[in-house]
Amino acid sequence: MLNRRTFIKRTLSAGVVLGSSVMFNGCAGLTRKDFSDFQETNGSIANLDNTALTILYHAGLAPSGHNSQPWRVRIESPDTWLIEAEAERRLPCVDPQNRELMLSLGAFIENLSLAAGAKGMGTDIQVIARNRNDREVVRVALHKDKPTGYPLQRIKKRRTVKHGHLPKEITAADVKLLSDGMKGHLYYFPRGSDHAVCIRDAAVENYRVQAMRDDAQQELVGWLRLNPRDAQRHRDGLSTEGMEIMGFKGWFVRQFVQPQDFLKQTYRQQGVDLIADLAGQGGGWMVITSPVQTVAGLIETGRRFERMALLAREHGIGIHPMTQMLEEKNGTEQIAGFHDSGFFPQFVLRVGYIENYPEPVSLRRPLAWFVTT
């Protein structure tokens, strides 16, 4: 009788030959396309109409750390919504000051505002949180307005892209396009430049530091959704597809790997080696800063980032956030040592042109899971 380890070894050996056979293509994990836009709402959430549901669905497509989706919407009235930070979806080990949480809520607010405009609704945004630990963060008042014509497909198509960045500098025209709404807070460093090399090395080093930190890895493990059953149950976190573990490797992970395996030294080192390889690819790096680090400043910076990210796909540009150097003490000290005290980087992004842009795959929770009265 084969034991589990022997079976896995033989299966891996067979996989070298089978490669991308029909067998493994038929065992793909869940992706966003497996669910309808509104999923399990049935139009019955807090008596919201189809316009409101459409706005909230597109808001929920915003990016977040570990795909934690840390937002909750409380419907105070049909035209007044309270955006809250959901405490159990915070990432205290890698984001203890809730800096990234506020940026994610900013991206959520931007999607909400853009979708509302497309549906003929204006939005008045009021930041009400006094500090980053407050649950109630933003109040949104909606009113009838002229439709903006913003293409909602742009929101639906946005995704993070890790693999496939081409070794080609981003053109000046595309840098200008992405930076126009940044008000001087986006910096591009072309591949091969001294600054790009420094960012690359710091990104890899701080990823290594974080990968070896037990608390950070344990937090990561809590957001892994390696098999379709867990992905179906949670509709958040990091699936194999979301981590771009595809083909036979994806099948193998879904079948045989447990989240706790990622705590093993070999898995940690494999992650570091992969990041070191990816960091050398692409057209360079972009850094987005904010003038202040208040809640309102972070919300606005998150909104600016999302506006930029929503344009990237149409110009074939992939964006891969590599935030560990902003999360680790070593990285923040490096930044402080090389810049003035008023320099507040909030995003470190590896960027590059993508030849075959992939479709979005990361799962999203049904509206009924995060919209309440």
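**Figure 1. Cysteine residues in the predicted model.** In this predicted model, Cys 198 is exposed, because its relative accessibility of 51% is over the cut-off of 50%. Cys 93 has a relative accessible area of 24% and is therefore partly exposed. A disulfide is a covalent bond between the sulfur atoms of two cysteines. A search of the whole structure returns 0 disulfides.

**Figure 2. Confidence along the protein chain.** The mean pLDDT of the protein chain is 91, and 89% of its residues reach 70 or more. Over residues 7-26, however, the pLDDT is below 50. Beyond near neighbours in sequence, this stretch has 18 contacts in the model.

**Figure 3. Individual salt bridges.** Side chains of opposite charge can pair when their charged atoms come close. Across the whole structure, 30 salt bridges are found. One of the pairs joins Asp 180 to Lys 176, with 3.3 Å between the closest N and O atoms. Lys 176 is exposed, its relative accessible area being 51%. In a further pair, Asp 201 forms a salt bridge with Arg 200, and here the closest N and O atoms are 3.0 Å apart. Both partners are partly exposed: Asp 201 has a relative accessible area of 41%, and Arg 200 has a relative accessibility of 30%. Arg 307 and Glu 300 also form a salt bridge, with their closest N and O atoms 3.5 Å apart. Arg 307 is partly exposed at 29% relative accessible area, and Glu 300 is partly exposed at 28%.

**Figure 4. A network of salt bridges.** Salt bridges link Arg 72, Glu 86, Arg 89, Arg 225, Asp 236 and Arg 365 in a network. Among these residues, Glu 86 and Asp 236 can be located together with Arg 72.

**Figure 5. An open sheet of 4 strands.** The strands follow the order E5-E8-E10-E9 and pair in the antiparallel sense. Strand E5 (186-190) and strand E9 (317-321) stand at the edges; each has a single partner strand, so one side of each is left without a neighbour in the sheet. On average, neighbouring strands of this sheet are turned by 30 degrees against each other, direction ignored.

Figure 6. Strand E8 (residues 284-290) pairs with strand E10 (residues 344-353) over 7 bridges, in the antiparallel sense. Within this pairing, Ile 288 has Phe 347 of E10 as its bridge partner. Helix H6 (residues 172-179) lies across E5, E8, E9 and E10. The helix runs at about 155 degrees to E5.

Notes
Residues numbered from 1 in each chain as written. Predicted model: local features only at pLDDT ≥ 70, side-chain atom pairs only at ≥ 80, totals over all residues. Heavy atoms only, no water. Disulfide = S-S within 2.5 Å. Buried < 20%, exposed > 50% of the residue type's maximum accessible area, 1.4 Å probe, protein only. pLDDT = per-residue confidence, 0-100. Contact = heavy atoms within 4.5 Å. Salt bridge = Lys/Arg side-chain N within 4 Å of Asp/Glu carboxyl O. Pairing = 2+ DSSP bridges. Helix = DSSP H or I, 4+ residues; strand = E, 2+ residues; numbered from the N terminus. Axes fitted to C-alpha atoms, helices over the stretch in contact; angles between N-to-C directions.
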